[in-house]
Amino acid sequence: MSKMVDEFKAFIMRGNVIDMAVGVIIGAAFSNIVNSLVNDIVMPLVTLVTGRINFTDLMIPLDGNSYSTLAAAQEAGASVIAYGNFIQMIVEFY
């Protein structure tokens with residue numbers, strides 16, 4: 001058991017784990033920046049160009065009813081295909 005602990009300590013001290021941890025922290029911060037860029041700048045411009053379509057409310061209700069917003073459909077407990085959210089995630093990916 002002591003040998004395994006010593007090997008683990010040697011692995012950590014080589015810097016691999018610290019480099020990976022720094023990468024994860026930077027990746028999380030960069031993810032927040034990209035999300036803000038898409039949600040606060042890109043999507044409002046796309047909405048303006050497309051005639052003020054709110055992409056987050058684009059959906060297909062599977063219960064046959066009509067809902068004005070995705071939140072209204074979710075509040076009613078309806079199953080929906082929220083393809084507007086999917087479009088937004090594609091924009092965030094690029």
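With a relative accessible area of 30%, I87 is partly exposed, and for the whole talk buried means under 20% relative accessible area, exposed means over 50%, and partly exposed means in between, using a 1.4 Å probe and protein chains only. From I87 to P44 there are 43 residues in sequence and 13 Å in space, C-alpha to C-alpha.

Before going on, please keep in mind that this is a predicted model, in which local features need pLDDT of at least 70 and side-chain atom pairs count only at pLDDT 80 or more, while totals for chains, interfaces and linings use all residues. Residues are numbered from 1 along each chain as its sequence is written, and side-chain values use heavy atoms, with hydrogens and water left out.

Let us stay with helix α4 for a moment. Which residues of α4 are buried? They are G84, Q88 and E92, and because they cover an arc of only 85° around the axis, they sit on the same side of α4; the arc is that of the directions from the helix axis to the C-beta atoms. As a general point, an α-helix has 3.6 residues a turn, so residues three or four places apart point the same way. The buried residues of α4 pack against α2, residues 16–49, where contact means heavy atoms within 4.5 Å. On the other side of α4, F86 and F93 are exposed.

Now to the surface, where I60, L62, I81, Y83, F86 and I90 form a nonpolar patch with about 570 Å² of accessible area together. Such a patch is made of residues with over 30% relative accessible area and no salt bridge, with like charges joined within 9 Å and nonpolar side chains (Val, Leu, Ile, Met, Phe, Trp, Tyr) within 5 Å. A salt bridge is a side-chain nitrogen of Lys or Arg within 4 Å of a carboxyl oxygen of Asp or Glu, and accessible areas come from the Shrake-Rupley method with a 1.4 Å probe, where for residues only the protein chains shown count as cover. Helix α4, residues 83–93, gives the largest share of this patch, 3 residues. Y83, which is found in helix α4, is partly exposed, at a relative accessible area of 35%.

What about the interior? The largest nonpolar core has 5 residues, namely M59, Y67, L70, A73 and A78, a nonpolar core being a set of buried Ala, Val, Leu, Ile, Met, Phe, Trp, Tyr and Cys residues joined through side-chain atoms within 4.5 Å. Not counting residues up to four places away in sequence, M59 touches several others, among them Y67, L70, A73 and Y83.

A82 lies in the loop between β2 (80–81) and α4, is partly exposed at 24% relative accessibility, and, leaving aside neighbours within four places in sequence, is in contact with L58, M59 and L70. T56, found in the loop between α2 and β1 (60–61), is partly exposed at 28% relative accessibility, and with neighbours within four places again left aside, T56 is in contact with L70, N85 and Q88.

Finally, D6 lies in helix α1, residues 2–13, and the C-alpha atoms of D6 and A73, 67 residues apart along the chain, are separated by 56 Å.

Notes. Helix = DSSP H or I, 4+ residues; strand = E, 2+ residues; numbered from the N terminus.
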